[in-house]
Amino acid sequence: MLGLEIDNKDIKMEQLTLKPADKASGSITLPGSKSISNRTLLLAALSSGYTQIRNLLVSDDTDRMIEALIKLGLNINNLGQLNSSNNVFELVGNNAEFSIKDADLFLGNAGTAFRPLTAALAFSNGHYHLHGVPRMHERPIGDLVDALRQAGANIEYLGNDGFPPLKISPAKLDLSQPIKIRGDVSSQFLTALLMALPLTKQQATIEVVGELISKPYIEITLNLMARFGVNVQRVGWQKFTVVADSRYQSPTLVEVEGDASSASYFLAAGAIGGYVEVYGIGKDSIQGDVRFSEALELMGADIFYYSRGDVAHEPSHIGARRPVTGKLKAIDLDCNHIPDAAMTLAILALFAEGTTILRNIASWRVKETDRIAAMATELRKVGAIVEEGADYIKITPPAQLTPNAVIDTYDDHRMAMCFSLVSLGGVPITINDPKCVNKTFPDYFAQFASIVK
């Protein structure tokens with residue numbers, strides 16, 4: 001084991017040192033997907049009817065969404081565990097009409113709450129103030145605001161143009177002309193617009209300008225909107241139409257998949273150090289990051305997919321095993337389809353023979369931190385040779401990892417979780433501000449310790 005006794009209270013420490021390890025084995029059950037959880041909460045709130053949500057992620061990001069929805073007049077109940085399902089919540093939707101028309105909403109650094117709520121509230125005929133932590137006020141939102149203004153929305157910047165905080169006021173909407181939105185900055189802007197448009201009751205068309213990045217996240221959005229009764233017509237990835245009088249209707253029960261991005265750390269641990277199985281997702285997951293396992297196969301790892309009931313009635317899961325040779329292979333990969341899980345590939349590059357290049361990752365720069373710059377800086381601390389560009393990172397591993405590196409995490413949960421894997425190279429590593437994992441995976445380090453030897 002790591003030689004650590006880790007539980008939730010330890011995550012509050014300023015630093016966490018992981019001891020050297022070289023083996024990983026066991027199984028992990030994933031927490032619910034952040035992307036699915038926050039989308040489902042908002043869609044349930046905008047629906048007519050009762051919704052029970054099972055395996056909802058309980059984290060900082062979902063807490064911010066729940067707090068905001070309660071402030072907007074929703075009654076959301078936490079039922080705890082129910083019928084062996086974790087984190088069960090229930091609510092009755094507002095039928096596309098928030099009862100509270102004047103609210104101040106603090107949304108932390110939760111992009112999956114801030115962007116969709118901005119669009120929904122822009123179409124809700126009320127007075128709203130949306131703000132967050134300083135980093136959220138550095139994350140661009142101008143392309144979404146520009147798109148909403150094309151529909152007549154009344155949104156003002158309270159700080160720097162193009163960035164939160166925002167003031168939203170009642171507006172007269174007009175959707176007679178297509179809404180144009182850039183697709184090459186963040187897929188969350190298109191997601192926010194798509195989910196909000198049914199509130200207008202008008203037919204609306206969106207035209208994407210440029211290449212749409214992170215397409216799998218739009219697939220999640222369209223899939224969930226359909227589950228709530230709104231089917232979006234689309235022409236490729238360039239044109240999306242929401243027909244007039246579209247209305248959300250609760251499906252009554254939603255089971256949130258395990259988080260595929262979080263799965264990447266444990267599958268990577270198996271590919272580096274032995275064999276690990278991850279429960280909560282399968283090959284048929286609606287999350288694009290499930291294709292991280294395909295990247296592992298390209299690097300030489302053995303991947304095993306199990307559908308529900310394949311093994312003694314067990315749920316769907318995925319296993320990853322270290323190559324027989326014990327060494328992974330470098331890859332040159334377009335990562336547009338796995339934008340979050342691709343960060344884990346940057347760490348796997350340390351364990352691969354050759355130079356790894358991860359391309360089409362411009363969206364990293366507008367996440368919780370500038371992830372390309374942050375990843376490059378911290379990889380160099382463990383000895384890697386790194387070249388970074390506007391939308392790529394190139395990593396050559398060192399002959400030996402540098403021990404006792406102290407990794408800054410930039411208040412970014414994925415930086416903390418990614419760099420835990422360095423300990424599997426047989427070197428101790430210290431993670432600064434490990435509590436940042438609370439954003440999506442509060443007990444991550446306890447789970448990691450359970451599989452590492």
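Asp61 and Lys439 are both buried. This is a predicted model, and I will start with the charged residues in it. Asp61 and Lys439 form a salt bridge, with the closest N and O atoms 2.8 Å apart. The two residues come from distant parts of the chain: Asp61 is in helix H2, residues 60–71, while Lys439 is in the loop between S25 and H12, and 378 residues separate them.

How many salt bridges are there by this rule? The count comes to 25. Another of them joins the side chains of Glu368 and Lys34, at 3.8 Å from N to O. That pair also links distant parts of the chain, 334 residues apart. Glu368 sits in the loop between strand S21 (356–359) and helix H10 (371–381), and Lys34 sits in helix H1. Are these two buried or exposed? Glu368 has 4% relative accessibility, so it counts as buried. Lys34 is buried as well, because its relative accessible area is 8%.

Both of these pairs belong to a network of salt bridges. Its members are Lys34, Asp61, Asp340, Lys367, Glu368, Arg371, Asp412, Arg414 and Lys439. As background, side chains of opposite charge can pair when their charged atoms come close.

Glu67 and Arg64 form a salt bridge, and their closest N and O atoms are 2.8 Å apart. Both are in helix H2, 3 residues apart, which is about one turn of the helix. The general point is that an α-helix has 3.6 residues a turn, so residues three or four places apart point the same way. Glu67 has a relative accessible area of 38%, so it is partly exposed. Arg64 has 16%, so it is buried.

Next, helix H6, residues 215–227. How far apart are its end C-alpha atoms? They are 19 Å apart. The helix has 13 residues, and at 1.5 Å a residue it should span 18 Å, so the two values agree. The buried residues of H6 are Pro216, Tyr217, Ile218, Ile220, Thr221, Leu222, Leu224 and Met225. After H6 comes Gly229, with a positive phi near 95 degrees.

That brings me to the backbone. Most residues other than glycine have a negative phi, and most peptide bonds are trans. Which residues depart from that here? Asn125 has a positive phi, near 60 degrees, and is not a glycine. Asn125 is in the loop between helix H3 (111–122) and strand S7 (127–131). Asp245 also has a positive phi near 60 degrees. Asp245 is in the loop between S13 and strand S14 (253–255), and with 51% relative accessibility it counts as exposed. As for peptide bonds, the one from Pro164 to Pro165 is cis, with omega near 5 degrees. Pro165 lies in the loop between strand S8 (154–157) and strand S9 (166–169).

Asn432 is in strand S25, residues 429–432. Its relative accessibility is 16%, so Asn432 counts as buried. The side chain of Asn432 makes a polar contact of 2.7 Å with the side chain of Gln15. Leaving out residues up to four places away in sequence, Asn432 touches Glu14, Gln15, Val406, Ile407, Asp408 and Thr409.

Gln447 is in helix H12, residues 444–451. Its relative accessible area is 21%, and the cut-off for buried is under 20%, so Gln447 is partly exposed. Where is Thr29 relative to Gln447? Thr29 is 418 residues away in sequence, but the C-alpha atoms are 9.0 Å apart in space. Apart from neighbours within four places in sequence, Gln447 is in contact with Ile28, Phe266 and Phe441.

Last, the surface. Which residues make a nonpolar surface patch of about 240 Å²? They are Tyr50, Leu79 and Val92. Leu79 is in strand S4, residues 76–82. At 32% relative accessibility, Leu79 counts as partly exposed.

Notes
Residues are numbered from 1 along each chain as its sequence is written. This is a predicted model: local features need pLDDT of at least 70, side-chain atom pairs count only at pLDDT 80 or more; totals for chains, interfaces and linings use all residues. Side-chain values use heavy atoms; hydrogens and water are left out. Patches are made of residues with over 30% relative accessible area and no salt bridge: like charges are joined within 9 Å, nonpolar side chains (Val, Leu, Ile, Met, Phe, Trp, Tyr) within 5 Å. Accessible areas come from the Shrake-Rupley method with a 1.4 Å probe; for residues, only the protein chains shown count as cover. A salt bridge is a side-chain nitrogen of Lys or Arg within 4 Å of a carboxyl oxygen of Asp or Glu. Helices (H or I, at least four residues) and strands (E, at least two) are DSSP runs, numbered from the N terminus. Buried means under 20% relative accessible area, exposed over 50%, partly exposed in between (1.4 Å probe, protein chains only). A polar contact is a pair of N or O atoms within 3.5 Å; within protein, one must be able to donate a hydrogen and the other to accept it, and residues adjacent in sequence count only if both atoms are side-chain atoms. Contact means heavy atoms within 4.5 Å. The expected span of a helix is 1.5 Å times one less than its number of residues.
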